[in-house]
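Dear colleague,

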Amino acid sequence: MKKLFLIVVFVFQSFLFTSCDNDNNEIAKATLELKIKDEVGNNIKDAKVTLFSTKEDFESKSNPLGILTSDNDGKVIFDNLDTEKYYWFVEKECKDNRNGKFSSELALKGNVVEREGIIISDKTSNIEILNSNNIPLSVNINGGEYFIVNAKQYIEVPGFGLGKYTITWKNEAENIPIKMGSVEIANCGFSSALVVLW
């Protein structure tokens, strides 16, 4: 009987230590909380936040791990994440985080809530300029500083939001009068408007 009791105690202890070892082997999961704001610090509700596990997926906007929408406080919470680095793309209407923070700096830590503040700003477009002349021209956009566009040169000038823009150009060397044209950017971001200088 004493032997049976010792065997039962031994089996119970073995089970106890084995189950403790299994608990220690579980991989701790991480949580990522993003708070979305605009350039002046207002919380952004209903922003679409897409999470990616690699930079390649982020850049190609493919294989998302999840898509959430920010709440009234501008927050989204991705939980039950592996302890690795993550990338995110945030957008709402004509704003996104293209010019701001888009990834965790390091791998997330298990059993820790990583909090990040994300600023979204206006998406911008390019104004494309083609000088169809055989001479260089001085060009400005909306009365800004003049810049040179060489003969038969094509350039893209980045950083323009929605709106109408006036383009002026002249040949200063021959004192040719100023010519004007206009262009309108009607779609936010990812688009360009072409102006041909004649």
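Lys123 counts as buried, at 9% relative accessibility (buried means under 20% relative accessible area, exposed over 50%, partly exposed in between, with a 1.4 Å probe and protein chains only). Please keep in mind that this is a predicted model, in which local features need pLDDT of at least 70 and side-chain atom pairs count only at pLDDT 80 or more, while totals for chains, interfaces and linings use all residues. Residues are numbered from 1 along each chain as its sequence is written, and side-chain values use heavy atoms, with hydrogens and water left out.

The side chain of Lys123 meets that of Glu91 in a salt bridge, at 3.6 Å from N to O (a side-chain nitrogen of Lys or Arg within 4 Å of a carboxyl oxygen of Asp or Glu). Glu91, for its part, is partly exposed, with a relative accessible area of 23%.

By this rule the count comes to nine salt bridges. Among them, Asp96 and Arg98 have their closest N and O atoms 2.8 Å apart; Asp96 is buried at 2% relative accessibility, whereas Arg98 is partly exposed at 42%. Lys101 and Glu116 also form a salt bridge, at 2.6 Å from N to O, with Lys101 partly exposed at 28% and Glu116 buried at 10%.

Strand S1 (residues 30-37) pairs with S4 in the antiparallel sense over five bridges, and Ala30 stands opposite Leu81 in S4.

Best regards

Note on methods
Pairing = 2+ DSSP bridges. Helix = DSSP H or I, 4+ residues; strand = E, 2+ residues; numbered from the N terminus.
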